[in-house]
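This report describes how selected parts of one protein chain are arranged. Please keep the sequence and the structure in view while reading.

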Amino acid sequence: MQSVLPIHHNARDMHVAFGCICYAVVFGMMLVVVAGVSLAGIASAKVLAHGLKSSKMQTVAEILAGSPDDAEWEDLDPRAIEAAQWTDREINKVIEQVKLHGTQNDQGLWQVTFGKMFTETAQIFDALSGILKTSKKYKVLDFAGEQLWQGQHDDTVITLVNEVHTGIKIRRRRKADLKSAPSNAKSSGFGHGFSQDAKCIICEKRIYQAEFVGAGGKSFHDKCFRCVTCNKRLQQNDYYVSRDSGFRYRQPCQQFFYFLFLFFVFFFVFLFLSAI
């Protein structure tokens with residue numbers, strides 16, 4: 001018995017020492033992750049705040065009415081205005097046709113099946129499925145699924161949830177954030193300014209029209225057009241040009257969520273070790 005006791009005590013001491021080391025390592029990692037979450041959160045908040053201040057969403061009516069600070073915002077291509085006006089007219093025609101060919105349900109909302117709508121408006125809409133999808137995006141209509149197709153979704157019920165369409169929104173950016181673009185340039189969408197000899201500013205390779213992205217007067221491959229902070233691929237409506245002329249994601253970058261995930265991982269590991 002006397003020879004066993006020292007071994008037992010040594011094993012217990014080693015277990016305690018190992019536990020203390022694990023606690024220290026996990027606690028240190030948690031401190032690092034908490035610091036990372038805090039820094040990434042602050043940076044993301046700044047990016048989001050700047051993104052919100054560097055652009056605004058306006059309807060065609062608001063743009064045409066003008067505002068005292070109009071000189072601060074980019075000039076829109078007339079084609080963008082015309083496209084928005086056309087879409088607004090089509091959505092308003094959809095509202096009229098649903099009320100004309102539909103019936104009201106118990107809540108007083110107008111409803112019509114897609115099959116009936118397609119048949120009755122064949123001479124009115126060239127692309128009914130597309131305009132219905134846009135109407136749903138702007139919360140004018142509601143129906144199951146994302147897009148309706150003739151024959152496949154004829155029995156799908158379309159519900160008119162908003163009888164007033166105020167207009168689709170167009171994003172305008174501050175001219176100060178477009179300083180790398182020519183001063184007389186007008187926004188004409190994602191991918192303007194393509195030329196046959198265009199080269200990507202990132203990889204310096206030739207760009208073909210199908211993969212071309214034009215932003216801020218610069219040319220990119222669509223795969224090369226990424227946030228300089230988190231490397232996320234950017235789209236037409238989710239980027240802004242920062243003061244250092246970098247293209248950045250308008251929402252909080254992915255690092256914040258990465259550090260947040262690590263924090264919870266180490267937190268649960270810490271709890272697990274505490275329970276041992």
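## Salt bridges

Glu-90 has a relative accessible area of 8% and is therefore buried. This residue belongs to a predicted model. Glu-90 forms a salt bridge with Lys-93, and their closest N and O atoms are 2.8 Å apart. Lys-93, at a relative accessible area of 29%, is partly exposed. Both Glu-90 and Lys-93 lie in helix 3, three residues apart, which is about one turn of the helix. An α-helix has 3.6 residues a turn, so residues three or four places apart point the same way.

A search of the whole structure finds five salt bridges. One of them joins Glu-163 and Lys-99, with a distance of 3.1 Å from N to O. This pair links distant parts of the chain, since Glu-163 is in the loop between strand 5 and strand 6 (170-173) and Lys-99 is in helix 3, 64 residues apart. Glu-163 is partly exposed, with a relative accessible area of 42%, and Lys-99 is partly exposed as well, at 33%. In another salt bridge, Arg-79 pairs with Asp-77, the closest N and O atoms being 2.9 Å apart. Arg-79 counts as exposed at 57% relative accessibility, whereas Asp-77 is buried at 11%.

## Helix 5 and its buried face

Helix 5 spans residues 128-137, and its buried residues are Leu-128, Ser-129, Ile-131, Leu-132 and Ser-135. Seen down the helix axis, these buried residues fall within an arc of 165°, so they line one face of helix 5. They pack against helix 3 (78-101), helix 4 (114-120), strand 4 (141-142) and strand 5 (157-160). Just after helix 5, Lys-139 takes a positive phi of about 60°.

In soluble globular proteins, nonpolar side chains tend to be buried together. The largest nonpolar core here has 25 residues, of which Val-94, Val-98, Leu-132, Leu-141 and Ile-158 touch the most other members. Helix 3 gives the most to this core, with six residues. Leaving aside residues up to four places away in sequence, Val-94 touches Met-117, Phe-125, Ile-131, Leu-132, Ser-135 and Leu-141.

Apart from this core lies another, of eight residues, among them Val-213, Phe-220, Phe-225 and Phe-247.

Ser-219 is found in strand 8, which covers residues 218-221. Ser-219 counts as buried because its relative accessibility is 18%, and buried means under 20%. Beyond residues up to four places away in sequence, the contacts of Ser-219 include Ala-198, Cys-200, Ile-207 and Val-213.

Key. Residues are numbered from 1 along each chain as its sequence is written. This is a predicted model: local features need pLDDT of at least 70, side-chain atom pairs count only at pLDDT 80 or more; totals for chains, interfaces and linings use all residues. Side-chain values use heavy atoms; hydrogens and water are left out. Buried means under 20% relative accessible area, exposed over 50%, partly exposed in between (1.4 Å probe, protein chains only). Helices (H or I, at least four residues) and strands (E, at least two) are DSSP runs, numbered from the N terminus. The arc is that of the directions from the helix axis to the C-beta atoms. Contact means heavy atoms within 4.5 Å. A nonpolar core is a set of buried Ala, Val, Leu, Ile, Met, Phe, Trp, Tyr and Cys residues joined through side-chain atoms within 4.5 Å. A salt bridge is a side-chain nitrogen of Lys or Arg within 4 Å of a carboxyl oxygen of Asp or Glu.
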